[in-house]
Structures are given as structure tokens and as C-alpha cells.
Amino acid sequence: MVDIEFDHLVHYIDGLNQFEFPGKYLEIQNGGQHENLGTFNRLVHIDLSYIELIDIYHQGKMKQQSKTDVGKHSFATSIMEKDYKQGFKKICFRTHDIERLKAQFEERGLETVGPVEMARENKKGQTIQWRLLYVANHQFDTIMPFFIEWEQSDEAREDDLQEYFHKHLTLDMITLNSYQRQTMVEHWKKWFDMEEVESSDRYTILQSPAKKVKFKLVEDKEDGIEEIQFIDQTIDAPIAFRTRGARYQFIPPHA
């Protein structure tokens, strides 16, 4: 069994410094810059899982990095490939042993890139370090997840970040569109040890090994990440909005 659980979802927003969610429904924290990629982020912490809001500050750096073996698999390249269309771009899974995960993927016939050492400074001036692993499978580049191992333990990160958590929210499900849904379902089950929990003629719902987040794969004409859904302890009826090419859904408990 692979050791992975959902870590974060990348949402590209043009003009991020001026962006707020409708009704300020989600609180945004400052992030930092990815010097090599020419991008910067702001963050929405749910718990240790979060939404990474991304914008570009140096397009030249991003284009240059996209030509490298590592850069062509990054979220920055996915922004370019979609002609800078705003919306959800990449899913990232967290692991606690990225070298073991790399070996497991290669045993399952996948080609990997990395681990790649990464770092940035946070708003407190502390250096945050992590390692990334990419899967080089061109058939699913648009919605192929990537993988992260944080230098800090989950416990240490929780101590540092819990003041920013949206404690009334629980991440429930992410919806992905695919023109080759059944093939993707079979691959995600084989590669990532996903469990099938529901299926119909048009969609399949999978659950990650950590059994915390579900993934709804919907038949469509093209691949893309459509929606993120939360359980909100403070509401009695569903709330949804679309902003900057992405749909956010909030449902009450026991809906």
C-alpha cells in the first residue's frame, strides 16, 4: 500500500494580490515566491490540507523552467499549456517517505522524475523545505497528481499552522473531468491504491488510501479539475460559487 494522502490543490488566479473569495468565504494567508518558477502563492489552510492560490510574477523564468526535465511536469507548465486560463491546475498528495514511494511507483511500471529539493521563506522569515516527486505519464499530464514530502513532521507543521485552519470545514471531495474516465479509474486504482466506493454510467468515485478525501471522476470531452467540495459545520443548506475558473461547493453535515 502506498503512503499518500491529499495535501493541496493548485488554483491559478491572474491578479492574485487583489483577489478575495466571494463574501470572503475563505480566509487567505500570505505565502511566498517560487524563485525558479517565477510564481508566488497565497494559501487557504483547511487543516494540513490546503488550497494553493498561484500567480505569476516573472513569465520569463516560468517559460525557461518549463523547458527543463523537472519543470515540464510542474504546475507552472500546466498554466502555460492551458493558455493561462484560470482555474484548478494540479493535485498534490503528501507522503512521509518519498524515496519509498518512488520505488513503489517504478515497480508498478511508472517513470518518475525526482525527488526534487525545494525551499521558500514564509512570512515569518523561516525557510520551509520540501521534496517533490513527479510521474512522467504523458497520457494524463493534465490531471496527473504530483507528490510532496515535507521536511517538518505533520505534528510540527500542525503546531505552526493551526491558527490559520478553517476548523469548521472538512475537505470532502474533488471532482475531475476525464475523456478517458475508465482508463483513469483503472490506473488510479493500480498506481495509487485507490478504492472504488461508487460508480454509475457517467462517473466513478474513488477514495485515497488514507480514506479522508474522495475523488469523483466524471466523463467529459476533456481532462480538467472541476470542483472542490467541503463539509461546512456552520450551514444548513448547500452553498456554491464559481470564481476564477473554479467551482467551490460547501454542504452541511449529514446532507
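Predicted model: local features only at pLDDT ≥ 70, side-chain atom pairs only at ≥ 80, totals over all residues.
Residues are numbered from 1 along each chain as its sequence is written, and side-chain values use heavy atoms, with hydrogens and water left out.

Now, strand 4. It covers residues 50-56. Strands here are DSSP runs of E, at least two residues; helices are runs of H or I, at least four; both are numbered from the N terminus. Strand 3, residues 39-45, pairs with strand 4 in the antiparallel sense over seven bridges. Pairing takes at least two DSSP bridges between two strands. A hairpin of four residues links strand 3 to strand 4. Strand 1, residues 5-12, runs parallel to strand 4, with five bridges. There, Tyr-12 has Ile-54 as its bridge partner.

Is strand 4 buried or exposed? Seven of its seven residues are buried, meaning under 20% relative accessible area with a 1.4 Å probe, protein chains only. Tyr-50, Glu-52, Ile-54 and Ile-56 point one way. Ile-51, Leu-53 and Asp-55 point the other way.

Next, a pocket. The second largest pocket is lined by 20 residues. Nearest its centre are Lys-85, Glu-222, Asp-223, Gly-224 and Ile-225. Helix 2 (75-81), strand 5 (87-94) and strand 13 (224-232) each supply at least two lining residues.

A pocket is an open set of points on a 1 Å grid over the protein atoms alone, with protein on both sides within 12 Å along at least five of seven lines; lining residues have an atom within 4 Å of a point.

Notes:
1 Å grid on protein atoms, 1.4 Å probe; cavity = no way out; pocket = protein on both sides within 12 Å on 5 of 7 lines; lining within 4 Å. Buried < 20%, exposed > 50% of the residue type's maximum accessible area, 1.4 Å probe, protein only.
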